[in-house]
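Hi everyone, thanks for coming. Let's have a look at one structure together and talk about how its side chains meet.

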Amino acid sequence: MPIQYGQYDVPTVDQEVNLKVGQPSPDLLPLEQIRKCAAEKFAETDPQYLQYGDIPGYKEFRESLAKFLTKAYNAPVTPSELFATNGNTGALALCCTLLCESGDTVFAEDPSYFLALRIFHDFKLNVVQVPMEEDGINLVELDRLLQHHKPKMLYTVPSGHNPTGRTMPEAKRRQLVEMAYAYNFFVVADEVYHLLAFPGSHIPLPMPYFDAKKEKVISLGSFSKILAPALRCGWIQAGPKVLKPFIDCGQLDSSGGI
């Protein structure tokens with residue numbers, strides 16, 4: 001009996017234009033390239049690569065990822081700002097584990113990514129949703145809500161927002177980071193769609209570039225949308241002070257991987 005792959009049964013385009021499931025078309029999955037890369041890796045003779053790895057991810061991987069992102073963003077990214085994760089959802093769950101406790105309040109946009117809301121529910125967090133405008137989160141309403149709540153973090157999808165498709169402009173990104181410092185909360189930016197913009201469209205730099213002190217923004221990225229979801233390969237981009245609790249986390253002390 002053949003192995004059943006895939007989590008979702010997505011109709012073909014002649015049946016339905018499906019905008020709910022964020023996964024690549026099977027035609028775009030680079031099976032031959034992945035097979036070649038895997039063969040090259042398993043041809044190595046040093047068995048140490050099967051050992052526990054460096055907690056933030058292999059140095060060589062983070063160096064390669066930094067070069068890739070520097071070119072893609074047209075802005076500098078250093079390996080010390082990167083932390084390898086088990087996909088984007090794994091990164092968000094880590095943020096909930098290390099930044100929050102059961103009963104804490106987190107903010108999210110309204111509407112927001114349905115899986116993020118499920119993760120917050122799993123961690124028994126109190127979710128307060130902030131209305132959106134045509135250009136992203138409503139900062140006036142956010143300021144009003146901050147008079148009554150003290151969130152540990154605010155989850156946002158600033159570029160190609162899921163599910164609205166909206167993109168937050170530079171001025172609003174800058175103001176959001178200023179509010180994070182004023183009210184002492186983290187901005188957790190889900191930026192998996194940043195590299196998927198249509199050619200010719202203007203997408204502002206990712207959220208970390210609006211945080212000069214590098215102390216309040218955590219950017220989540222992933223290869224799931226641009227390479228293959230099954231790799232479960234993602235990353236966090238943040239300042240060294242923000243990454244320290246992740247690096248010191250006991251849960252990840254026996255981490256690393258191929």
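Buried means under 20% relative accessible area, exposed means over 50%, and partly exposed is in between, with a 1.4 Å probe and protein chains only.

A quick word on the background. This is a predicted model, where local features need pLDDT of at least 70 and side-chain atom pairs count only at pLDDT 80 or more, while totals for chains, interfaces and linings use all residues. Residues are numbered from 1 along each chain as its sequence is written, and side-chain values use heavy atoms, leaving out hydrogens and water.

Back to Lys172, which forms a salt bridge with Asp135, with 2.7 Å between the closest N and O atoms. A salt bridge is a side-chain nitrogen of Lys or Arg within 4 Å of a carboxyl oxygen of Asp or Glu. Asp135 is in the loop between E3 and E4 and Lys172 is in helix H6, so this pair ties together parts 37 residues apart in sequence. Helices (H or I, at least four residues) and strands (E, at least two) are DSSP runs, numbered from the N terminus. Asp135 itself is partly exposed, at 30%. Glu133 joins Asp135 and Lys172 in a network of salt bridges. Across the whole structure, a search finds 12 salt bridges.

Now the nonpolar side. A nonpolar core is a set of buried Ala, Val, Leu, Ile, Met, Phe, Trp, Tyr and Cys residues joined through side-chain atoms within 4.5 Å. The largest one here has 32 residues, and Leu92, Phe120, Met153, Tyr155, Ile218 and Ile236 have the most contacts inside it. Helix H3 (87-99) and strand E2 (105-110) are among the elements that each supply at least two residues of this core. H3 gives the most, with 6 residues.

Finally, the rings. Rings of Phe, Tyr and Trp (its six-membered ring) pair if their centres lie within 6.5 Å; planes under 30 degrees apart are stacked, over 60 edge-to-face, and the rest tilted. That rule gives 7 aromatic pairs. One of them, Phe42 with Tyr49, is edge-to-face, at 6.3 Å centre to centre and 65° between the planes. Phe42 is exposed, at 54%, whereas Tyr49 is buried, at 12%. Phe68, Phe223 and Trp235 form one aromatic cluster.
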